[in-house]
Amino acid sequence: MNTLPPGSTIGIVGGGQLGRMLAMAAAQLGYRCHIYSPGASSPAGEVSASVTSADYDDAAALARFADAVDVVTYEFENIPVAAMRVLEGRALIRPSIAALETAQDRIAEKSFVAALGGRTAPWAAVPDRAALDGALAAVGTPAILKTVRMGYDGKGQARILGPADADAAWQAIGGRPAILEGFVSFDQEFSVIVARGADGAVRAWDVPENVHHNGILATSTAPAGGLIAEQAAAATALAGQIAAALDYVGVLACEFFATADGPLFNEMAPRVHNSGHWTTEGAVTSQFENHIRAVAGLPLGDTALTAKRVVMTNLIGDAFNQWPALLAEPAAHVHLYGKSTVRPGRKMGHVTRLFPEG
Ligand code: AMP
């Protein structure tokens, strides 16, 4: 495919807030978006030209969707690969299904990154309960048991302080194939967000420090200080290598721990990422626009900061109710995702503040 001209249709699989912000960036560039999502209404569908509401196993709906769009991208990494395979023969998919498959499986992901020279936490595969005892002996404690698939925002994880916790942890993750990871002692958490164009050009944003509460991102602050500042270049180089090795087209997010021994890769997301939301106002080109540019075959935009410091705060659950006060703050950039029900732990919006003086 060459460059997609304005007026073309970008298909987005997944209907959440990431799809919503991608669709808004696409609209700015004159594209139409078509959302494929199982829900009857979705944050992304509300701002897009077309919507297909159908399940991921509806082959006929998937085929019609593929035929109606000029390129397909996705905003959610837990899409069944089988659904993407139905689209594959009929439409160009960016990023590739291989990137999705790697990121869906913690064993594949860690092995892939280790083969490129990246450092990960010590880990062992735990296909069943019996394997957990051997894994605990090999990895030691404290440790974290994580499901191999379908984990996000700290879900599908259980901490193990000693062998006596093994049964409870196995129950807590639903007795599914897992990996046991050694507990990493880290100073800070950060993410590297890179965009790779269809021509192989790579651009990275400044690296934010990410603070999580209960396994869910609370704030991202860019640029990061402390140990992260020393480790950002090496981690960014690794993220670029990962993108190149996957022949990736689009935005890729890699999460790291800053440890005394250097950056340690935790996981990646083959999509725009919550820790990159600050780029909408805090960078010359946002992660959303560069993702659209990449999948449309356009050159990537500049990723430089627009302020000395940028802080993004998630509005999770009840924090949504702060919206009147936030909107009374003249320089706060408030984003609300249009979700009708507030639930504990649900991402309802975010607010970004720029600090021109640092
Ligand atoms: P994940 O779903 O892998 O991103 O994990 C969610 C959060 O749990 C991370 O952002 C960390 O704060 C914490 N965490 C995950 N893995 C480890 C580990 N191996 N050691 C220490 N903390 C971890």
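How many residues surround the ligand, and which are the closest? In this predicted model, the ligand is surrounded by 14 residues, of which Lys146, Gln157, Val184, Glu189 and Glu267 are the closest.

**View 1. The shell around the ligand, by class and by strand.** Sorted by class, the residues of this shell comprise 5 nonpolar, 4 polar and 5 charged ones. Strands β6 (143-147), β8 (178-182) and β14 each contribute at least two residues to the shell around the ligand, and β14 spans residues 262-269.

**View 2. Polar contacts between the ligand and the protein.** In the side chain of glutamate 189, an N or O atom lies 2.6 Å from an oxygen atom of the ligand, while a polar side-chain atom of arginine 106 is found 3.4 Å from an oxygen atom of the ligand. Glycine 182 takes part through its backbone, a polar atom of which is 3.1 Å from a nitrogen atom of the ligand. Of the 470 Å² that the ligand exposes when taken alone, the protein buries 94%.

View 3. Asparagine 266 belongs to strand β14 (residues 262-269), one of the strands that supply at least two residues to the shell around the ligand. Asparagine 266 counts as buried because its relative accessibility is 8%, which falls under the 20% cut-off for that class. When residues up to four places away in sequence are not counted, asparagine 266 touches Glu109, Lys110, Lys146, Glu181, Glu255, Phe256 and Phe257; among them, Lys146 is also listed with the residues closest to the ligand.

Note on methods. Residues numbered from 1 in each chain as written. Predicted model: local features only at pLDDT ≥ 70, side-chain atom pairs only at ≥ 80, totals over all residues. Heavy atoms only, no water. Helix = DSSP H or I, 4+ residues; strand = E, 2+ residues; numbered from the N terminus. Buried < 20%, exposed > 50% of the residue type's maximum accessible area, 1.4 Å probe, protein only. Contact = heavy atoms within 4.5 Å. Near = heavy atom within 4 Å. Polar contact = N/O pair within 3.5 Å; in protein donor to acceptor, adjacent residues only side chain to side chain. Areas by Shrake-Rupley, 256 points an atom, 1.4 Å probe, with all protein chains shown as cover. Nonpolar A, V, L, I, M, F, W, Y, C, P; charged D, E, K, R; others polar.
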